[in-house]
Amino acid sequence: MRGLYAIYRKELGQYFVSPVAYVLVGLFLVITGHFFTVYVVNYATEDQPDAPTWVLRAVLQLFALVFLFLLPMVTMSSYAEEKKRGTLELLMTSPITELQIVLGKFFAAMTLFAAMLLPTALSIGYMWMHSTPAPPFRMVLGGYLGALLFGGALLSLGTFLSSLTENQIIAAVMTFAAFLLLWAIDFGVQAAGGTAGQVLQYLSVINHYDDFTRGIIDTAGVTYYVSFIVLFIFLTVRSVDSMRWRRA
Amino acid sequence: MIEVENLTKAYGQVTAVDHVSFSVNKGEILGFLGPNGAGKTTTMRILTGYMPASSGTARVAGFDVFGDSMEVRRHIGYLPEAPPVYPDMSVAAYLDFVLRIKNVAADKRPARIDDALAKTSLGDKRKTLIKHLSRGYKQRVGLAQALVHDPDVIVLDEPTVGLDPKQIIEVRHLIKNLAGSHTIILSTHILPEVSMTCDRVVIINKGKIAAVDTPLNLTTQLKSGQRIQVEAQAPQEALQDLLSGIPGASRVQLDSSRGEGHVVATVEAAPGQDLRSVVASKIVARGWPLFELRGVSMSLEDIFLELTTDEAAQPQPPSPAAN
């Protein structure tokens, strides 16, 4: 456990020592804050009985879009830098397992992600407390839980892709492309019908989040995301292990 | 402390390490000498648990490097070719991180950090960010992390690269002081380093071991008589023919820069043959004045070149006065 914590601490430290963390958190808050304001101003003053709920839903959906652009940058340098600097060799000749390395890095990425989300809870929370009719609490809860799970899934995918290359930019681009592809599956859901449509619907990363934003917190969604994360953590561990077999 | 038997590592068609066997006793300093690409780094990476061998076994502190990798890693400190440092950390923070991943308890860490900083003369750089250090200092930080957790075995891949002469001497002192309580393997292609610091030397070339012995034995093994230097007053070509014609003589080199018709010739003899008396009597028999005849022992550099040079491409033998 000491190893995992040491890696976690180091990764988190690295995020916050470089401008990366601040830029990402800042950008996220600026974008979501801006649109939150726009939505509130435009729709809360109209005679929309359900405005707060509508605003919440819109913001939560916006989250998904912003994640797509920003999260690749959280994970892009996880492994690329270690390989380039030769520090991966230090980690892999020390008495820690690949799993500890991968989990330490993943938890650090999740922590940064949580740091991005947390401030938005202030404005959403405020709206929830001071609006009538308030959006259902289930929606707030579901929204944030879904965001964490959805973001976690994207981060686990980004981590895996980062472990495949030594180049940060390639990692970021691959991750972004992968995210887009996943989003595209969602379009397939609408196009296809019947069984194919249902399968795609289950597989769609966005779809489950959509349910969460409606306040539907169900085990299928949670299981989906947790399985997704576990799968990509596993693949990352294998990928890291495979570095031992590469040419000196 | 370290036993390597028939260790082999192949990458597809290329065999980087070819049935290498050697052992290192507790407290000994073993030097790994070889040209670039000889297989030194690969062997070290196998020993430190970074990569698995294709076949053969290696044991460190009694633990199998493949079967008990975690145990082996607990007992080893490793400095790879490039110091594995994080630029954004301070020296002390970095060493603390290394101690954590080497599983050293919190109460022991501060003392270990102080100790490592003292040994590598990094005391006043404790709070400096590693990215602000010069190359030589970075190398020292790399050295510090290899010994900070007080491992039984220390593996150093070219530890003095990038250091200035003063720092090199300090590092060699450090290594010599560490011996006894630690077992050390270091690789280098700086020959004097090996003669000065190591108890024994393994010369490795193209993945195969070319020689294993103490530096002293290696240099005196090919004893005087094996190479002869003779100074005579003789026509160069005639002398060349005469000497080349002696059975067992090879690589006859002539140098007439001494002037006054004097020619200095070096003759190498086949192993075990002492050609001194033959050379002397032949020269005298021709009536040429013989001024000097002596056996020249080969320096480690000569042996290194001898053992690691292809038959096809013979370089000029270095002058016996070199080194």
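This is a predicted model: local features need pLDDT of at least 70, side-chain atom pairs count only at pLDDT 80 or more; totals for chains, interfaces and linings use all residues.

Q: What share of chain B counts as buried?
A: Of its 323 residues, 40% count as buried. As for contacts in chain B with a separation of 6 or more, 67% of them are between residues 24 or more positions apart.

Q: Take β7 of chain B, then: how many of its residues are buried?
A: Strand β7(B), residues 153-157, is mostly covered, with five of its five residues buried. B:V153, B:V155 and B:D157 point one way from the strand while B:I154 and B:L156 point the other way, and all of these are buried.

Q: And which strands pair with it, parallel or antiparallel?
A: Strand β6 of chain B, residues 76-79, pairs with β7(B) in the parallel sense over four bridges, and B:L79 stands opposite B:L156 there. Strand β8 of chain B, residues 183-188, also pairs with β7(B) in the parallel sense, over five bridges, with B:L186 opposite B:L156.

Q: Switching topic: in what order do the strands of the open sheet with β11 to β14 of chain B come?
A: The four strands are ordered β12-β13-β11-β14 in chain B, with antiparallel pairing. β12(B), residues 249-255, and β14(B), residues 290-295, stand at the edges, each with a single partner strand, so one side of each is left without a neighbour in the sheet. From one strand to the next, the twist averages 15°.

Q: How many bridges join β12(B) to β13(B)?
A: Five bridges join β12(B) to β13(B), residues 262-269, and the two run antiparallel. As one of the paired positions, B:L254 has B:A265 in β13(B) as its bridge partner.

Q: Which helices lie on that sheet, and at what angles?
A: Helix α9 of chain B, residues 236-244, lies across β11 (227-233), β12 and β13 of chain B, running at about 165° to β12(B). Helix α10 of chain B, residues 276-285, packs on the sheet as well, touching β11, β13 and β14 of chain B, and its direction makes about 170° with that of β14(B).

Technical notes. Residues are numbered from 1 along each chain as its sequence is written. Chains are lettered from A and ligands numbered from 1 in the order in which they are written. Two strands pair if DSSP finds at least two bridges between them. Axes are lines fitted to C-alpha atoms, for helices over the stretch in contact, and angles run from 0 to 180 degrees between N-to-C directions. Two residues are in contact if their C-beta atoms, placed from the backbone, lie within 7 Å. A residue is buried if 20 or more other C-beta atoms lie within 10 Å of its own, exposed if 12 or fewer, and partly exposed in between; C-beta atoms are placed from the backbone.
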